[in-house]
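Let's walk through this structure together, one neighbourhood at a time. Have a look at the sequence and the 3D view, and then read on.

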Amino acid sequence: MSDTRPKPDAVLAQLRADEAHPARGRLKIFLGMCAGVGKTYAMLEAGRVRGIESVDVIVGIAETHGRIETEQLLLGHELLPGKTIAYQGITLHEFDIDACLKRRPQLVIVDELAHTNAPGSRHDRRWQDVQELLNAGISVYTAMNIQHVESLNDIVAQITGVVVRETVPDSFVETADEIELVDLNPEELLKRLSDGKIYLPEQAQLATQKFFRTGNLAALRELALRYVAERVDRQVQQYRHDRAIGRTWPVSERLLVCVSASPQSARLVRATRRLATRLGAEWLAIHIDTPRDGGLPPRDRDRLNRILRLAEQLGAQTRTISATNVTEELVAFARLNNVSKIVVGKSAEPRWKRWWKGSLIDELAAKSGEIDLYVISGEGGQVEAVAAETSKLDGLWRDFLRAALVVALTTALCWPVRRHFAESNMAMVYLGGVVLVALRGKRAAAIFASFLSVAAFDFFLVPPYLTFAVSDTEYVVTFAIMLLVALLISNLTVRVRLQAEAARRRESRTSALYELTGQLADAGDIESLVTAAVRSSQQAFQGTTQILLNNATGQLSPAPGQSSHSMAERDSAVAQWVFQNREKAGAGTNTLPAAGALYLPLEASQRVVGVFAIAPAERARLDDPDERHLLDTFVRQIALAIERVQLVDEASRARLTVETERLRNALLSSVSHDFRTPLATMLGAAGSLLDPAGPTDATVRQELLQAIYTETERLDRLIRNLLDMTRLESGAVQLRREWHPLEEIIGAALHRTSQQIGDRPVAISLPSDLLLVPIDGSLIEQVLINLLENAAKYTPPMTPIDVRAFRENQEVVVEIADRGPGLPDDQVRRVFEKFHRVSNSDGGVGLGLAICEAIVNAHGGRIWAENRPGGGAVFRFTIPMIGEPPTVTPELA
Amino acid sequence: MADPEVTILCIEDEVQIRRFLRASLATQGYRLIEAATGRQGIAEAAARTPDIIILDLGLPDVDGLDITQELRALTRRPIIVLSARGQERDKVDALDAGADDYLTKPFSVAELLARIRVALRHADRSLAGAESESITIGELTIDHARHRVTVGDSEIRLTPTEFKLLFELARHAGRVLTPQHLLREVWGPAYLDRSHYLRIYMARIRGKIEKDPARPRYLLTEPGVGYRLADT
């Protein structure tokens, strides 16, 4: 398949990258082969030219090393005052990133990209400062030497014999928009050196003199030229790729490098990186954890973590998986991830061992099939490896001792019965002992126990006793088989045990994650979600965690349900930084490593919702890639869950807004219609009464006055309902629950509505004993008044109204029934809606029943309407009987 | 027609309400003094000694409760307060602070005149100093001296507390009495927070004197404010 079109994923990634940094600053690197080629000068000169083009340029920090020309050039620039940091009695002059962010120039010149910042600075390294400036939209001119490029680091060391500690990750160098090679002929450079134009620190004089040799310089120059040329080549390819022209782009390659805790793995990683860059391929670094005695010693584990981190910095994805069969797992992983080339190191093990165990490389070559295999030589680091071995031996002695003890006990057990038991049975007992040792101890101890068992068996239990001599040569076969079986059993037992342990570790990680996702799914609101997330992550990582959320004002604050005291003042600044820069910082990272905890951005699908802080009880846990991956997964899950809840909240708020809007419209239309109608009548009637030429007939005048009076009452009712509804909805009404005799409330309501009820007979049916209900008297009276008014309004005169109340379980049911026309079927539920009216001509505003519903709901009851068998409507509501009704002390009659 | 000598002080900031009161009260033969602010009202009450005061609780310059207390300190004449609906708390406070009765806006002229008449009658009676020994409302007769209550021809047996409660209401027949007032007068200050006593006793008395306790003829409830014994 030829790759002529840009892949959709790549296009999408490009778009996302553009979105994430809408206005990233431009980075230009001035690259030199070594010190003294004039990078700083070239950079300042370029800056000066930009200044003339009226770009706002300042110098963040520049090392002139006392060179006159450079210093003169510096004079023309605005200099950012640096930061002085006192460290162990020395005053260090550092670049002040905060001042620069505050000053916000268009372009800033920052020298010495590979520089290591003084302890206590925000970032460990200056390139990280530059990265932050770029993210803030400030363009940067900076300078570095070729030996500071991470992936070329060991090549430079090979050429010059000088190991450079300060390096810049390739992934960062590659983000440069432009790299300018500052080139100088080696002879010219050496002449400048002899003229004393190149600053050399006293202590480095000797080493540097070895460094500045024509051969070295030529090699470094070639390296620098090649690096820039390769980059140009890649840019051309990228250009062609972007525009989908040409067919030169190969099917994309994927490299996989297999690393171990061995020191040579770092070289392996760098070599793979170079290979990947040349091939334009993605690459992965994998470590396969074989179940081995008690896991890696701490020192090896540290080194392995460093190697994996190096790979990450160089742009690789890293994985750690555990398996018993390295080759099979490696090939399976490679196939799963579409890897086209596997890179492994040459084994440093002695020849005989390889012959015995079979070499990994041979096995891989046999199994890898169509995947290419690259074998890269590994040297050095042996001293460190030996040192690591010694720490392993400590625990081993104890295991050996235990093995000896087990064999001794077995012998003691068999000794008294040696004459009665067959030798083969006693051999079985020894095998049991070996299994016991293998179950607890290291493999070597189990092997030791196997040999010791055979020896003890021969010496003590095989006649003639107490000598290694045997009566029958057949015993030699017995011993050989016994030894073989013991070795096999011990080996298998150890292996099974280690597999079980590995499985347990994996299992505990899986179950932690499973528990987290389960709890996150259960949580319905932010508070319970955060509580669940904090609890799960504290359990999984054994430390204190905290979640900070972005609040409405864009500030980070502890999530609800969390205390804020655990966060130091200094650390809250770290959290803020993490939030703004969307990158992790704090303990265990290169950014602000002095912080008390590790801070990770809670990045969800659309935004950063907050910051996750964790301070594990053991710092070392943060260095373990497995733990880090697990932590990343945790944080990602938590972020997504928080985002989900936030989105649900937002959606319901939006729905509420729509609902409020609908009600407001209904209210406006109701107000404009229902208020204007009575007002129009009143205005008209009063107008004609006031008109001197108006009606003079007493009956007509009386009718007009009556109209005014009726309409006024109607308006009063409208306003009353509206106000009641508003008060109820705004929460201004507080329920004053007291024990009222229901009879009294019904009586009051009937009294108030006696005019509307008129001649309609009202039948009241109440329990014979006094029914006390816990209610707000005036509010329930209002419910009854509204229901009675409704009954009166919709029924013809003389039709009966029934009022009934009774106790049912823990509730009191009140019903008001009429014999009117009843409710249309589709209205039975809708009558309680606000501004809903059964017909348009009833003169109400459609609030009466909505008010009833609001009041009854506030009491914890229900209200509903039904059609009555035999005609008419019935309205029922319930009041829960909360608590015990009060009693009075009886008095003597 | 009312006694032409009766002077009513009306403290109300709304011009339209004053105008309507003036028109309705003048036709009934009352003499009206108007005050648009609380301060002015207090000055008029001190200077003109009105027979009855109508006070709006929602005056812009002074708090309704404060002015009720000030007026009560100044005169023993009846005070009828006017207030909007939904402010039951204010009414109860004003009644407890010494107001004699209340009216909810909007109200009709008939209602106002009825309240004025009740208030004046009580004021006259208490001025005369002689409490009548027997009170008759409709068929209900309460004889204080003999501790006897009858409805029509039948005698009603009440416990001493029930009688005390009914008599307290009868003494102020036509006027609304707050729970605080009744609890204090009947049970004593220690019972002020036991309003359920009042409700339960009310229900018991109704059960004894009313034909239909759910549609009382005599013992009327004003939810949120208090109780009133009908005066006719």
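Phe877(A) is in contact (heavy atoms within 4.5 Å) with Ile780(A), Val783(A), Leu784(A), Leu787(A), Val812(A), Val813(A), Val814(A), Val856(A), Arg862(A) and Ile863(A), leaving aside neighbours within four places in sequence. This is a predicted model, where local features need pLDDT of at least 70 and side-chain atom pairs pLDDT 80 or more, while totals for chains, interfaces and linings use all residues. Residues are numbered from 1 along each chain as its sequence is written, chains are lettered from A and ligands numbered from 1 in the order written, and side-chain values use heavy atoms, without hydrogens and water.

Phe877(A) and Ile209(B) have the most contacts inside the largest nonpolar core, which has 89 residues. Such a core is a set of buried Ala, Val, Leu, Ile, Met, Phe, Trp, Tyr and Cys residues joined through side-chain atoms within 4.5 Å; buried means under 20% relative accessible area (1.4 Å probe, protein chains only). Helix H26 (residues 777–794) of chain A gives the largest share of this core, nine residues; helices are DSSP runs of H or I with at least four residues, and strands are runs of E with at least two, numbered from the N terminus. A second, separate core has 60 residues, among them Ile29(A) and Leu184(A).

Now turn to Glu815(A), in strand S23 (residues 811–818) of chain A. Is Glu815(A) buried or exposed? Glu815(A) is buried, with a relative accessible area of 9%. Among the residues that Glu815(A) touches, beyond four places in sequence, are Asp802(A), Phe806(A) and Arg876(A).

Conventions:
Buried means under 20% relative accessible area, exposed over 50%, partly exposed in between (1.4 Å probe, protein chains only).
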